[in-house]
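Visitor: Hi, could you walk me through this one? I'd like to go over the layout and a few local details.

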Amino acid sequence: MIEFQGKVLVIGGGISGITAAIEAAETGVGVYLVEKNPYLGGRVAQLTKYFPKLCPPTCGLELNFRRMRENKGVEILTQTEVLKVEGSKGNFKVTLKRMPRFVNDNCTLCGECFNVCPVEKDNEFNFNMNKSKAIYSPFEFANPPYAIIDPNVCLGEKCSKCIDVCKYNAIDLKMKEEIIDVTVDSIIVTTGWQPYDAGKIDNLKFGIVPNVITNMMMERLASPSGPTGGKILRPSDGKPVKNVAFVQCAGSRDENHLPYCSYICCMASLKQCTYLLDQDPEVKATIYYIDIRTPGRYEQFYWNVKENPNITFVKGKVANIEADPSGDVWVEAEDILAGSKNKERFDMVVLATGMQPTTADWNLPFNAKKTPDGFIEPESLPDGIYLAGSAVMPFDVIRSLHSATGSVLKALQSISGRGN
């Protein structure tokens, strides 16, 4: 039996990065898991449920967090970015920048500091649909399980109310950023994806018409830990929705935006129809689509949803969206199968925005090329650096897990001298 030794750097703490870190560490390899956010979990942490089992994210993430707690081989570095990668396979020298959290590991998340903090800010985790305090926890099962202070809005020592009320000496406003140098044998890049900016799609009026939201905002609305406690209410007035439109390929398959299919958007809208019907069996939903794409095993899920008489499918592109004075939303779209152009009124519209790689906005710290769409070209990577998850192409969770496992095998082969 080969006993693997060495170090691996995993860049990105979403579901792919967590999986890669754990599986590498459980072979005996030391792992640095680097994440730029103050928490692990990535986009999966923001979902209400995810495929294939429609589990809540607490299901898989909590299991993996426990595996990491039990394995001392993973060093977690949140709020950390990779500045530079030098060297080669077997001897990569990596420079990291870690931003201060201003809260140490004495924190018990008792919440006393949240209660006295006088400053509110937009809650980015909930896509700015509610507020959080300047000192906050990103979400209820966040890992690391400590509060964090946003230095952009915190009043600092002018206030210090959080310090006064903390019984555990957990708050340190004098923390500074750190530059950390590590040496690793191999690197796995799992930088994930971000929702395409729907504000760039002029005819869909996101950010202009109040009750037009994105599919990721819908995930947070439906989540028990979300801004409405899991009740799907439209943002403008908190009204329960009775008639909702879903607009597919919002930014995807469009030469002016993302020219590729984002793979899982159709499934996301079908899933979100079930969120609506679980809350109110009388809710009506209309899905405007170019093609419904449900790869592999997901086809049966599509047929199950399609059989519900409250869900209507309209094949055609949405031409325009307008606001009604009542807060309702008008959707003007073609119906290719009926040969007509229709205008329908809805309580709310959900845009199935595409998946854009985070690497599109990332200045790579190592020598590699990107595709025109911003994904990293695997063939251009130096030996010893591997990709997983949506750094490769748009993936769902299960394909992300498979790719993470594959990247770990390549990294271990590289360390043992049996691979490139």
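This is a predicted model: local features need pLDDT of at least 70, side-chain atom pairs count only at pLDDT 80 or more; totals for chains, interfaces and linings use all residues.

Visitor: Which domains is the protein divided into?

Guide: Domain 1 covers 7-99 + 177-194 + 356-413, domain 2 covers 112-165 and domain 3 covers 197-353. The bounds come from an automatic or database domain assignment.

Visitor: How far apart are the C-alpha centres of domain 1 and domain 2?

Guide: They lie 27 Å apart. The contact (heavy atoms within 4.5 Å) takes 15 residues from domain 1 and 11 residues from domain 2.

Visitor: And what area is buried between domain 1 and domain 2?

Guide: About 1,000 Å², with carbon and sulfur atoms giving 70% of it. Buried area here is the accessible area (1.4 Å probe) that two parts lose on being put together, summed over both. Pro 38, Tyr 39 and Gln 46 supply 41% of what domain 1 buries against domain 2, more than any other three residues.

Visitor: How many salt bridges cross that interface of domain 1 and domain 2?

Guide: Zero by the rule, which asks for a side-chain nitrogen of Lys or Arg within 4 Å of a carboxyl oxygen of Asp or Glu. The count by this rule comes to 16 salt bridges. One of them pairs Asp 278 with Lys 49, with the closest N and O atoms 4.0 Å apart. Asp 278 lies in helix α6 (residues 265-279) and Lys 49 in the loop between β2 (30-34) and α2, so the pair ties together parts that are 229 residues apart in sequence. Helices (H or I, at least four residues) and strands (E, at least two) are DSSP runs, numbered from the N terminus.

Visitor: Switching topic: at what angle do helix α1 and helix α2 cross?

Guide: Roughly 35°, and the axes of α1 (residues 15-25) and α2 (residues 57-70) come within 10 Å. Axes are lines fitted to C-alpha atoms, for helices over the stretch in contact, and angles run from 0 to 180 degrees between N-to-C directions. Ile 15, Ile 18, Ile 22 and Glu 23 of α1 meet Leu 61, Asn 64, Phe 65, Arg 67 and Met 68 of α2.

Visitor: Last one: where are the cis peptide bonds you'd point out?

Guide: One runs from Phe 51 to Pro 52, with omega near 5°, and Pro 52 sits in the loop between β2 and α2. Another joins Asn 143 and Pro 144, with omega about 5°.

Key. Residues are numbered from 1 along each chain as its sequence is written. Side-chain values use heavy atoms; hydrogens and water are left out.
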